[in-house]
Amino acid sequence: MEIPVNMCRVRVARRVCGAGVSGAMRRKLWYCCLLAARLLSKELAVCAFVAVFLTPSLSAQQNGSANSATPGWPLHNSAPDHALPDAPGPQPPNITDRDESCSLWTVAEVQGPTISAATLQVPGKARGEYRKGCSDLKGKRLASAENHLRKALLEYPRYAAAWVLLGQVLEAGNRFEEARGACSQASGVDAGYAPAYLCLADVAAQLHEWNQTLDLADRALALAPVHDVYGYFYSAIAQFHLSHLPAAERNALETIKADHLHRVPQTHLLLAQIYGAKHDLPAAAVQLRAYLRVAPSSPDSAGVRKSLAELEGQIPQ
């Protein structure tokens with residue numbers, strides 16, 4: 001037989017209050033017990049919200065399903081689109097004439113660590129193949145992009161930017177171990193090339209290797225600590241999955257601070273999850289609104305609007 005919730009509260013209160021105390025004391029204890037029961041009910045409601053509204057988003061980030069209605073991990077829902085930034089912001093300044101211009105993991109506004117010393121010696125034929133590969137990648141012609149990048153690397157095996165872009169192309173085709181190998185080649189030919197470690201961090205994240213993701217993001221940040229949007233983002237998502245919420249929040253906020261062009265609007269969704277896990281529902285709603293403000297036409301915007309409406313219904317007025 002189902003027992004009414006209020007009846008359960010009464011029985012708990014009676015057991016706690018017990019017998020053998022004065023009437024006044026019993027009434028006081030009775031009031032305290034009922035107050036505790038009500039507070040417990042409120043906490044359970046918050047937990048229910050986190051389970052219902054935030055868990056699906058977290059699951060989508062972990063699984064990265066192409067058919068998911070909620071945002072996938074880490075930046076895109078479908079594998080081909082994973083090769084290209086989908087944020088609404090323009091390309092970072094002073095990047096368009098550099099080999100990093102096609103890379104998802106360009107470190108904005110940082111010149112020294114992001115320009116490979118080996119890249120400065122790239123022969124013209126290899127650079128031409130790289131640019132053809134870049135063009136094919138933007139057109140989502142992955143097989144042709146891979147072909148041109150491999151030709152570039154045959155011409156100049158120490159072409160770090162080409163190795164990273166090849167890793168990006170391979171990862172777009174869900175060939176994660178091959179992508180890891182390409183990105184490792186980039187770090188091998190130039191240990192000071194930050195995008196190589198960001199590329200490796202992304203592969204590790206795709207495979208849910210969160211400790212490795214964090215380590216690689218930290219290495220990238222050590223090389224290019226200023227405006228390294230992706231370094232902070234990978235650190236934040238790894239810390240979140242490792243249940244280090246204060247560190248995850250700190251790195252997510254650093255991402256937003258550095259991301260002047262809104263290249264990674266998904267950081268707002270991550271912060272919403274962090275605040276939801278901390279039972280701070282108003283703060284979670286603020287982040288969902290921020291995402292819709294910077295990415296109103298994204299494929300995920302409809303799902304985010306629905307989640308926001310449901311969340312706002314749970315916040316006391």
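Analyst: Leaving out residues up to four places away in sequence, Glu249 touches Leu271, Ile274, Tyr275 and Lys278, where a contact means heavy atoms within 4.5 Å. Bear in mind that this is a predicted model, so local features need pLDDT of at least 70 and side-chain atom pairs count only at pLDDT 80 or more, while totals for chains, interfaces and linings use all residues. Numbering starts from 1 along each chain as its sequence is written, and side-chain values use heavy atoms, with hydrogens and water left out.

Glu249 sits in helix α10 (residues 245–258); helices here are DSSP runs of H or I with at least four residues, strands are E runs of at least two, and both are numbered from the N terminus. Its relative accessible area is 17%, so Glu249 is buried. The label means under 20% relative accessible area, with exposed over 50% and partly exposed in between, using a 1.4 Å probe and protein chains only.

A core is a set of buried Ala, Val, Leu, Ile, Met, Phe, Trp, Tyr and Cys residues joined through side-chain atoms within 4.5 Å. The largest has 49 residues, and Trp105, Tyr130, Tyr159 and Tyr234 touch the most other members. Helices α3, α4, α5, α6 (176–189), α7 (194–206), α8 (210–223) and α9 (229–241) each put in at least two residues, with the largest share, 10 residues, coming from α5. A second, separate core of 29 residues includes Ala248, Tyr275, Leu281 and Ile315.

Two of those tyrosines turn up again among the rings: Tyr130, Tyr156 and Tyr159 are linked into a cluster by ring pairs. Rings of Phe, Tyr and Trp (its six-membered ring) pair if their centres lie within 6.5 Å, and planes under 30 degrees apart are stacked, over 60 edge-to-face, the rest tilted. That rule gives four aromatic pairs.

Helix α4 (residues 142–155) is a handy one to check by hand. Leu142, Ala145, Glu146, His148, Leu149, Ala152 and Leu153 are buried in α4. Down the helix axis these fall within an arc of 165°, so they line one face, the arc being that of the directions from the axis to the C-beta atoms. Ala143 and Leu154, on the other side, are exposed. Cover for the buried residues includes α3 (124–138) and α5 (160–172).

Most residues other than glycine have a negative phi. Lys140, in the loop between α3 and α4, has a positive phi of about 60° and is partly exposed at 44% relative accessibility. Ser243, in the loop between α9 and α10, has a positive phi of about 65° and counts as exposed at 60%.

Zooming out, the protein has 13 helices and zero strands, and 51% of its 317 residues count as buried. Among contacts between residues at least 6 apart in sequence, 57% join residues at least 24 apart.
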